[in-house]
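Here are my notes for a first look at this structure. Please keep the model open while you read.

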Amino acid sequence: MTDTSTQRWRLKRPAVDATSASEIAQRHYGVLGAATELGSQQDRNFRITPDRGAGLLLKINHPTVTSDEVSFQAAITDHLRNARIHTPEILASTNGARSIDVTDADGQHTTARAFQLLDGQSLIDGHLVDGAVAEELGRLAGRTTSALASLEHPASERRIQWELRSSLSVVESLIEYLPAERRARCLAAARSASAEIDSLRDRLPLQVVHGDITADNVIRDNANTLWLVDMGDASQSWRVTEIAVLAADVLGRTESLALVSRAIRGFDCEASLTDDELRAIWPLVILRGAVLAVSGWSQLAIDPENTYARERLDHEWNVFEKSLASLSAEVYSQLRLAVGRSHHEGLEYSPVVEGQNRATILDLGVTSPLLDRGHWTEPDIELSLAREALRSAAVAVARYGETRLTRISLDVTRPAKTRARLVELWVRPGTPVRAPYSGAVRVEGDAIELTDSGVVIRIDGLVIIVDEFSRTTAGEVLGYTSAIAPGVGRLSISRRLVDAVADSVFAGPTDEYETDGAADPSVILGFDPVADPIAQLRAERTRRDKAIGGANERYYAEPPQFERGWGTLLIDTQGRAYLDMVNNVAAIGHSHPRLADRVHRQLHLLNTNSRFLYAAYADFTEKVLEVSPDPSLDTVIPVNSGSEAIDLAIRLAQVATGRKGIVAVREGYHGWTMAADSVSTSAFDNPDALVSRPDWVHLTDTPNPYRGRYRGAESGHSYAQDVRSLLERLDSEGQPPAAFICEPVLGNAGGVLPPDRYLAEVYEAVRARGGLTIADEVQVGYGRLGNAFWGSTLQGVVPDIIAVAKAAGNAFPVGLVLTRREIVDSLAREGMFFSSAGGAPASAVAGSAVLDVIREEGLQKNAEIVGRYLKSRIEGLASRHSLVGPVHGSGLYLGIELIRNHETLEPATAETRWICEHLLEFGIIMQATSERQNVLKVKPPMTLTHGEADVFVNALDRALCNVTSGT
Ligand code: PMP
């Protein structure tokens, strides 16, 4: 170690404050903006944020940083960016330079650089919560290592204090700064770790490393991408130091060897570690802890105002303390298992039971086909499936990490423990059970624990024949499986880290999953664990955003990932069932076997362009005619969606009347295709809706008797009068409209019933002037209103054209237009109609199946009876919760309007949003609707039971109790 290098560690950060940082940014980069200082041990970092345009991160280097080093760091940045690792770009100054000279307040000369400013958060504390994040970090470190392997640079051989090859001398030279009582311990540990490394030194590969991949230096941007920042500690070193540094950081933050193991596993997936490197990790973690501890204190002695260094002292000491709590040799065994190797070099595990390596995998996960048709709800389903599997196999295995659908609680408010932290081997009773490796035996009831070099596995479910506290050799018989039912035995095999307290072998959806008390025994048994559902959930969120982009509407800020439905339940991949109170698309319930079977069968037979002749088309259209509200509506055209149905309805009206204009009501939503969007004015869906209407769309007020321009039950005439005046004006301007379009029950407002006689009067007025009437029944039709199949029937009118979708296919793409023959015939004047997949065989079969189920299961009647009960229970809440306003709607299309003030009707928008998110915690799916987003839209599958209605109302009651404190 040279004098200059020692001296360098003892220098203060450059004397640059926010004001001068801001001046530098303006002078050299032309960016004018306020500067905010970000922490750094030895440099100065400032975020410069201008009022407009992109900001930058200004880094004023420590005065000893040489131009060679700056060029080295630039080379790393470029190298990583070329390898598609995200790291901020170095910005050129106005003179085109990547580094500029500056003089600090003390007259010291130094250099500065500017970097692209990121919009995101570093992964510090709150974010590093689980194994999935730890693994992501490990992967990033691994990818960085792989990318940097090919980088050579003359300045890479740097003597910096963080470079772990010289860690012992750093600790020795700075030990005096450490509080006296810690010195001996620190020094002894560093020396012993260094001695361990010495025996491996020559076999550890060298390369350029970033040297400081920690949660502080990794930023997650808003698109969920991880960015690596700060090349200041890069140098030539052992490549394993890259992961040792990260391992130390994860350990210090989480105190969990399980999470450290995940980080190392992530690294190994991207940059395979040699056995020597794996062995070196723990001593290097100890050395990193020691260097952090001494340098933190020394930095504070030199630069007492460095609050960043001060705040980190505890974290740094924690890394060190935690690293000493485990023996290197034992950690090495754990890490070998974490990366999928046996816990000793060269060790091969003996099978615990004969036939283990040919075991049938028993898929008990959320998407398991074994559990379709609601089989997962049957009692003892695991046992029946295992028994079935044992007919053809000696062993059936249920895997570690699986979210078991079989264990999901049907009581949505009380999630069960569903995630397996064990491997289960199903075998016949009396099967010999053997030790997978040699070790010390401990017996506890009918369980046996086997320990070797810090690796502990526990096997439950056998009659034990070996002695307690004995030693066993690999392959020795420990006992025989006992019977849990006639002909079936079950071994539960779990693992924990030595000295850790064993956790429950099943974890709940919100439990910390990865703990030292429940480690994965899969490697020992030779099985692959299932993929981590938390990592999958995060990846899924990103994947969807990436594929679709920002304009895609999605429920929930942090949505659960649903991969199965059953009746009124939606089941997520974390092991929880939710009561779906919002899904009018799934009218007959999720995964209805009748629908699934018929569509499946049809897909085997034929699915093709709807212009061919096949029976399913007429079967479906005839069935629709059976539910037609009036004999005059005698013609059906199947399409693919609500939007397409509305577009077609508008087109039909225009062709049939030879007119263009459409009268639509304000605050309505009719779809996203051009014509449907033109008549949609809901400001929630399109904030500019009112000012961007095409000139053929004419608007009238929404007939909302509760909060509209006219109020009360008698207001229908006044609203209708407005429409009359509009029609009169349009006539006088020579542009009488083709049609009037409206939802017969105002679905978008949350099921508000228009006032009596409104539709009747409007329809009469429109027809009197030669126009047609279109009812958008996409949301409210098809039986859900209970006492009528159609919203128009409920309102006592017969429209000329009805548009239907959503329920019609139970989320299969089925829509339709129901109208009069002569209206459809008029379309022939403009050419023929076809929609390639609209009414294609599988869609038509889906449409028929839905209508059959609605009729045969009496779902309209159910909607009426359960809906009436539900409405009365919700209304009952109003006496205790002043937020609850009117409950709109009918049957199972209800809207609970939440208001802050019963006089002014001030909408409780924030409270409604809060309640929706909060209900998710209680296992209820609920969303807001209406222009003001203050109405809870209650439109569950029409199969809802009284019991489920109670679950919802009770949960809502609880949410309402908490709402004031929550918003
Ligand atoms: N009309 C109404 C009343 C709707 O609510 C919707 C969809 N929410 C549509 C039409 C459009 O249906 P789709 O999303 O199937 O195109």
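1. **The main core.** This is a predicted model. Its largest nonpolar core has 109 residues. Tyr782, Leu870 and Phe952 have the most contacts inside that core. Helix H23, residues 841-856, gives the most to the core, with nine residues.

2. **Leu870 within that core.** Look at what leucine 870 touches. Leaving out residues up to four places away in sequence, the list is Met581, Leu892, Leu894, Val938, Leu944, Ala949, Phe952 and Val953. Phe952 is itself one of the residues with the most contacts inside the core.

3. As a general point, nonpolar side chains tend to be buried together in soluble globular proteins.

4. **The protein as a whole.** The protein has 967 residues, and 59% of them count as buried. It holds 26 helices and 39 strands. The C-alpha trace spans about 100 × 80 × 60 Å along its principal axes. The exposed surface comes to about 38700 Å², and carbon and sulfur atoms supply 49% of it. Among contacts with a separation of 6 or more, 73% are between residues 24 or more positions apart.

5. **The ligand shell.** Which residues surround the ligand? They are Ser641, Gly642, Ser643, Tyr669, His670, Gly671, Glu743, Asp776, Val778, Gln779 and Lys806. By class, the shell divides into two nonpolar, six polar and three charged residues.

6. **Polar atoms at the ligand.** A polar backbone atom of glycine 642 is 2.8 Å from an oxygen atom of the ligand. Aspartate 776 places a polar side-chain atom 2.7 Å from a ligand nitrogen atom. Lysine 806 also has a polar side-chain atom by a ligand nitrogen atom, at 2.8 Å. Taken alone, the ligand exposes 390 Å², and the protein buries 82% of that.

7. **Arginine 564.** Is arginine 564 buried or exposed? Arginine 564 is buried, because its relative accessible area is 12%, under the 20% cut-off. The residue sits in strand E25, residues 562-566. Its side chain reaches the backbone oxygen of valine 366 at 2.6 Å. The side chain of arginine 564 also makes a polar contact with the side chain of aspartate 372, at 3.1 Å. Not counting residues up to four places away in sequence, arginine 564 touches a set that includes Thr367, Ser368, Leu371, Trp376, Leu405 and Ile571.

8. Aspartate 372 lies in the loop between strand E12 (360-361) and helix H12 (381-390). Its relative accessibility is 34%, so aspartate 372 counts as partly exposed. Aspartate 372 and arginine 564 are 192 residues apart in sequence. In space, the two are 9.2 Å apart, C-alpha to C-alpha.

9. **Helix H12.** Why is H12 described as largely enclosed by the rest of the structure? Because seven of its ten residues are buried. The buried residues are Ile381, Glu382, Leu383, Leu385, Ala386, Ala389 and Leu390. The cover over them includes E12, strand E13 (396-398) and strand E15 (423-427).

Note on methods:
Residues are numbered from 1 along each chain as its sequence is written. This is a predicted model: local features need pLDDT of at least 70, side-chain atom pairs count only at pLDDT 80 or more; totals for chains, interfaces and linings use all residues. Side-chain values use heavy atoms; hydrogens and water are left out. A nonpolar core is a set of buried Ala, Val, Leu, Ile, Met, Phe, Trp, Tyr and Cys residues joined through side-chain atoms within 4.5 Å. Buried means under 20% relative accessible area, exposed over 50%, partly exposed in between (1.4 Å probe, protein chains only). Helices (H or I, at least four residues) and strands (E, at least two) are DSSP runs, numbered from the N terminus. Contact means heavy atoms within 4.5 Å. A residue is near a molecule or strand if one of its heavy atoms lies within 4 Å of it. A polar contact is a pair of N or O atoms within 3.5 Å; within protein, one must be able to donate a hydrogen and the other to accept it, and residues adjacent in sequence count only if both atoms are side-chain atoms. Accessible areas come from the Shrake-Rupley method with a 1.4 Å probe; for residues, only the protein chains shown count as cover. Ala, Val, Leu, Ile, Met, Phe, Trp, Tyr, Cys and Pro count as nonpolar, Asp, Glu, Lys and Arg as charged, and the others, Gly among them, as polar.
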